[in-house]
Amino acid sequence: MKPLNAVSSELFAFLCHTDTCTVSNAIETFNVRMRNEGYVSREVHCMTPKLPPVAGFAVTGRMRAAMPPISGLCYYHRADWWQYVASVSGPKILVIEDIDDVPGAGALVGELHAQIGSALGCVGYLTNGTVRDLPAAEAIGFHCFARGACVSHSYAHVTEFGGPVEIGGLRISPGDLLQGDCNGIHSVPLSIVDDLPHAVAEIRKHEAELISLCRDPDFSLEKLEEVLRAARNWSPKPEVR
């Protein structure tokens, strides 16, 4: 696997300026996974849709909120959790699986977690549970992806961290590269990340031809069928290095 520090700042800038749908289309052209894999299902939504795309490495954990923890009631007093978050290279996305029988009884991440996470190099949060203080998170550019919002943190607390988790059908391991925006969130295979900018450029060029046809006053079904026939065998041209 590509080391985390091998993903350049230029690649992160590319992911933060390219919508997830286009990146998803580009990933498909490499045939590195099934097309029904690699993304979080619709049970989890982007809660900060006005923010631009975000990308970061997963820092993972599990939480509960329905019942009090064995010790320590303050939901952000978990120094070892924050030490783990700080130990991972950034940018980072907090990924917390809510393991209550019914996820979402309380929100672990709100304004304070967003502020602490941001100070530690985190750019967003992903959970199958809930989140709160959304205006405050959005104000500092902290993206949130969750099942919904909850007014209370209830008894939210981290139970374990640093291992694989599952959010909306997507299994996520520490260090996985994630990208998200208003459309949702998916994983980006590190094995092909260097080749994505070229693939995206090729896809945009190809799609622009179809869009141009649709806007042409001389548009016709015959011309559309011709373009679609050509598209059946289309694939991005390999980048010349």
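Residues are numbered from 1 along each chain as its sequence is written, and side-chain values use heavy atoms, with hydrogens and water left out. Because the model is predicted, local features need pLDDT of at least 70 and side-chain atom pairs count only at pLDDT 80 or more, whereas totals for chains, interfaces and linings use all residues.

**The whole chain**

**Strand 2 and its partners**

Next, select residues 54–64, which form strand 2; nine of its 11 residues are buried, so this strand is largely enclosed by the rest of the structure. Two strands are said to pair if DSSP finds at least two bridges between them. Then show strand 12 (residues 177–181), which is antiparallel to strand 2 and joined to it by four bridges, with Ala55 partnered by Gln179. Strand 9 (residues 157–161) also pairs with strand 2 in the antiparallel sense, over four bridges, and Arg62 stands opposite Glu160 of strand 9.

Now turn to an open sheet of three strands, whose order is 4-6-8 and whose pairing is parallel. The edge strands are strand 4 (107–109) and strand 8 (148–149), each of which pairs on one side only. Select residues 130–131 to see strand 6, which pairs with strand 8 in the parallel sense over two bridges, and find Thr130 opposite Gly148 of strand 8.

**Helices 6 and 7**

Finally, select helix 6 (residues 196–215) together with helix 7 (residues 221–232), whose axes come within 10 Å and cross at roughly 170°. The axes are lines fitted to C-alpha atoms over the stretch in contact, and angles run from 0 to 180 degrees between N-to-C directions. The two helices, helix 6 and helix 7, are therefore roughly antiparallel, a label for angles over 145 degrees. The contact, meaning heavy atoms within 4.5 Å, is made by His206, Leu210 and Leu213 of helix 6 and by Lys223, Leu224, Val227 and Ala231 of helix 7.

Definitions and conventions: Parallel < 35°, antiparallel > 145°, perpendicular 65-115°, else oblique. Buried < 20%, exposed > 50% of the residue type's maximum accessible area, 1.4 Å probe, protein only.
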